[in-house]
Amino acid sequence: MSDDGAPVTIDSTVTAPQSVADDETGWTASVRRRVEKTLPITELLPTKQPAYIGSWVYVFGVVTIAALFWLVISGVVLAFFGSAWWHVSSVGHFFNSTHFWSVQMFFIFMVLHLWGQFWGAGWRDGRAKTWMVGVVIFSISVGTAFTGYVIQQNFDSQWIAINAKDAINSTGFGGLFNALNFGQMYGLHVMLMPIGVTLLVVLHIIQVRAKGVVRPIDDPFQVTP
Amino acid sequence: MDAPAPYIHWGFILISLPNFVLICVMVLLFVAALVAPFPSHGPKEPRDE
């Protein structure tokens with residue numbers, strides 16, 4: 001109720017978030033202005049895509065994300081119960097296998113996505129940073145898979161770790177990155193590397209949304225630099 | 001399962017049979033993705049300009 005007893009009506013056009021005005025200052029206004037310019041909601045969540053998106057080649061990337069989703073879910077379960085569980089119980093075997101086959105799918109479809117972007121020259125028209133972030137994701141993923149293989153806690157992982165120790169020693173980084181140091185490998189595998197991959201995948205998706213999917217090479221509307 | 005995988009040795013190329021089969025399947029999948037018709041929903045939208 002207002003002072004004179006009349007009911008208060010809320011004007012939604014005033015209370016709803018407004019676009020930032022050009023004359024507003026401060027870091028929040030600056031960030032909002034930049035986000036609204038580079039990533040408007042119509043680009044972030046588009047309801048329509050160009051006709052050339054209608055190809056199975058563009059499905060490889062999202063299947064890779066789906067595999068990453070199941071990798072993280074199964075990995076959290078494995079981390080919670082530990083190796084004494086995933087090696088001996090039937091449910092543990094199931095989640096261990098889910099984690100293993102998810103990573104197979106992750107790499108298979110990431111490489112198929114890479115082939116599609118390579119032969120489609122996906123870095124064109126200002127998308128070089130998107131390509132570069134993809135390269136970094138691929139590189140960290142290889143490291144994440146490697147650290148995963150050496151922490152399985154079985155004879156296979158011991159064989160891999162011993163050979164890797166020799167190989168990495170020959171590069172001069174054996175003291176910094178010790179494949180026989182289970183704590184280091186486990187920490188990298190369950191913490192730093194998956195967080196890095198996940199954050200970079202989010203950045204990669206935002207980059208794709210911001211720039212849109214690159215036009216086909218033979219597109220008559222191709223932008224010439 | 002514990003036996004070592006058979007290997008294909010062709011000149012300087014040395015690859016296990018499972019890896020070779022997997023790469024062949026990936027190539028087939030990639031080609032299939034290029035040529036297989038993609039299901040569309042409703043009439044096609046005009047090109048994004």
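Within what distance do the axes of helix H4 (residues 60–81) of chain A and helix H9 (residues 182–211) of chain A come, and at roughly what angle do they cross?

Modeller: The model is a predicted one, in which local features need pLDDT of at least 70, side-chain atom pairs count only at pLDDT 80 or more, and totals for chains, interfaces and linings use all residues. Residues are numbered from 1 along each chain as its sequence is written, while chains are lettered from A and ligands numbered from 1 in the order in which they are written.

The axes of H4(A) and H9(A) come within 12 Å and cross at roughly 155° (axes are lines fitted to C-alpha atoms over the stretch in contact, with angles from 0 to 180 degrees between N-to-C directions). H4(A) and H9(A) are therefore roughly antiparallel to each other (over 145 degrees; under 35 is roughly parallel, 65 to 115 roughly perpendicular and the rest oblique). The crossing of H4(A) past H9(A) is left-handed (the near helix is turned anticlockwise from the far one by less than a right angle; clockwise is right-handed).

On the H4(A) side, the contact is made by Ile65(A), Leu68(A), Val72(A), Gly75(A) and Ala79(A) (C-beta atoms, placed from the backbone, within 7 Å). H9(A) contributes Val190(A), Pro194(A), Thr198(A) and Val201(A) to this contact. By class, the residues of the contact between H4(A) and H9(A) are 7 nonpolar, 2 polar and no charged (Ala, Val, Leu, Ile, Met, Phe, Trp, Tyr, Cys and Pro are nonpolar, Asp, Glu, Lys and Arg charged, and the others, Gly among them, polar).

Among contacts in chain A between residues at least 6 apart in sequence, 70% join residues at least 24 apart.

Chain A also meets chain B: 11 residues of chain A are in contact with 12 residues of chain B. The side of chain A that touches chain B comprises 8 nonpolar, 2 polar and 1 charged residues. Here the axes of helix H6 (residues 90–119) of chain A and helix H1 (residues 17–35) of chain B come within 11 Å and cross at roughly 50°, which makes H6(A) oblique to H1(B). H6(A) passes H1(B) in a right-handed crossing. Ile108(A), Val111(A), Leu112(A) and Trp115(A) of H6(A) make this contact with Met26(B), Leu29(B) and Phe30(B) of H1(B). The contact of H6(A) with H1(B) has 7 nonpolar, no polar and no charged residues.

Methods:
Helices (H or I, at least four residues) and strands (E, at least two) are DSSP runs, numbered from the N terminus. Two residues are in contact if their C-beta atoms, placed from the backbone, lie within 7 Å.
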